[in-house]
Amino acid sequence: MKILVLGGDGFCGWPTALHLSAHGYDVTIVDNLIRRAIDAELDVQSLTPIRSIDERLSLWKEKSGHRIKFKNIDIAHNYHALIEALKEADPDAIVHFAEQRAAPYSMKSPRHKRYTVENNILGTHNLLCALVEANLDTHLVHLGTMGVYGYAGGRPIPEGYLTVTLPHGETQEIVHPYSPGSVYHATKCLDNVLFHFYNRNDGLRVTDLHQGIVWGTQTKETAIDPGLVNRFDYDGDYGTVLNRFLVEAAVGHPLTVHGTGGQTRAFIHITDTVQCVRLAIENPPAPADRVRILNQMTEVHRVRDLAKMVSETTGADIAYVENPRLEADENELLVENQGLQRLGLVPVSLQDGLMQEVLDVAERWRDRVDLAKIPCTSKWRSQPKPGESAMETAAE
Ligand code: NAD
Ligand code: USQ
């Protein structure tokens, strides 16, 4: 099978490309390497020293015997190159990771908000439009996010669809209401609307994987050689909570719990991410199927419980810092996630000793950590809403 991995130089994309290549797929990575440019913009670097894409790919060929091709294309702004790449590859499946994925980065300034929307929405729409123009029957597997639903809690979040009773008594299946918590999360809701339209109008086959927070670094394939190591973000914009706590512990920085730490979130280890994507590819929707939505997460944790767990393992202090985000202090989260398990996923969990592996990676590269880059400085709102005092904004 021929697969295009859009965003295949990134944190989820690189290990997925290697995993699919190791499983015999003919893989082409499409990436404009913007994530590396954003490192330079933010003056940060991956905790792990990642090699250039060319070095990574020639090392993979040397170690595995498999060739992965690479095309440097900005899918949001170079429609012509994208459609040519699609026609040339005629892929059985496309995995779409190529978006700006950090919520704090998307809230940093008007420029960052606009960049995130333009990049993510134009990229997704170009892809859908190009698939129709090139008349390809390709299965599109998109990485969405659990955050499209918000975190209101209460009832279990279904895999995409909800049966509701309308006021006149009729029942109907609808897409579960969206409630994004950042400009970034909002782009994933808009992506989902576009998928429904192109699925209905043009019969495109789409799987939207609503993924939780990914933690960990290495997979079986990235661990083959130090030159294949995956990227690892720990900074206040791109670092995600559990990986950040583990790095903070390694460098003796207090664990930065935002607010009360009562936020409950969905998690998945990177080794499960790559398997879920392969399982989605191996089990495509049938031609007439509606958009398939699967919740790609394996466990749910409260932020302060994670901090306590890391603190108990490492002796790190916990700091309850002012929350830069506007989000509920406390929430419950119940998620239905049987779909991928029915397809064959056997999940790993925090209990499986994998935290130690991340701690080892963090210890090994602790000298590369810039302590000044740890705090999250992107604020969700910098001025009061109309009719609200500055005091009320601060108290919110
Ligand atoms: P990442 O930033 O590490 O990787 C994204 C890759 O896409 C980068 O290599 C970047 O250069 C590329 N890219 C971005 N815009 C592009 C464009 N216009 N054209 C071509 N390439 C472009 O992010 P990640 O952590 O690997 O996340 C990948 C996807 O998975 C994202 O869509 C994200 O929303 C989703 N996701 C990630 C997580 C997580 O915890 N990391 C959780 C849930 C969902
Ligand atoms: N948090 C802390 N301390 C920190 C960092 C974060 O308490 O040092 C808190 C945040 O306030 C938030 C929670 O931890 O309540 C999660 O934050 P995060 O940065 O780990 O995750 P998030 O912003 O939600 O985004 C990440 C990925 C994104 C993906 C999303 C999945 O960056 O691409 O879509 O996880 S989900 O959260 O399920 O929507």
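This is a predicted model: local features need pLDDT of at least 70, side-chain atom pairs count only at pLDDT 80 or more; totals for chains, interfaces and linings use all residues.
**Overall form.** I counted 13 helices and 14 strands in the protein chain. The radius of gyration is 21 Å, close to the 21 Å of the globule rule for 396 residues, so the chain is as compact as a globular protein of that length. Its C-alpha trace spans about 65 × 55 × 40 Å along the principal axes. I then checked contacts between residues at least 6 apart in sequence: 83% of them join residues at least 24 apart.

I traced an open sheet of seven strands, and the order reads 3-2-1-4-5-8-12. The pairing is parallel. Strand 3 (69-71) and strand 12 (292-296) are the edge strands, and each pairs on one side only. From one strand to the next, the twist averages 20 degrees.

Ala-93 has His-139 in strand 5 as its bridge partner. Helix 7 (residues 183-202) packs on the sheet and touches strand 5 and strand 8 (205-211). The direction of helix 7 makes about 155 degrees with that of strand 5.

**Ligand 1.** Which residues come nearest to ligand 1? Of the 26 around it, they are Gly-7, Gly-10, Cys-12, Arg-101 and Leu-143. Helix 2 (34-42), helix 6 (110-133), strand 5 (139-145) and strand 9 (213-215) each give two or more residues to this shell. By class, I noted eleven nonpolar, nine polar and six charged residues in the shell.

Methods: Residues are numbered from 1 along each chain as its sequence is written. Chains are lettered from A and ligands numbered from 1 in the order in which they are written. Helices (H or I, at least four residues) and strands (E, at least two) are DSSP runs, numbered from the N terminus. The radius of gyration is taken over C-alpha atoms; the globule rule is 2.2 Å times the number of residues to the power 0.38. Two residues are in contact if their C-beta atoms, placed from the backbone, lie within 7 Å. A residue is near a molecule or strand if its C-beta atom, placed from the backbone, lies within 6 Å of it. Ala, Val, Leu, Ile, Met, Phe, Trp, Tyr, Cys and Pro count as nonpolar, Asp, Glu, Lys and Arg as charged, and the others, Gly among them, as polar. Two strands pair if DSSP finds at least two bridges between them. Axes are lines fitted to C-alpha atoms, for helices over the stretch in contact, and angles run from 0 to 180 degrees between N-to-C directions.
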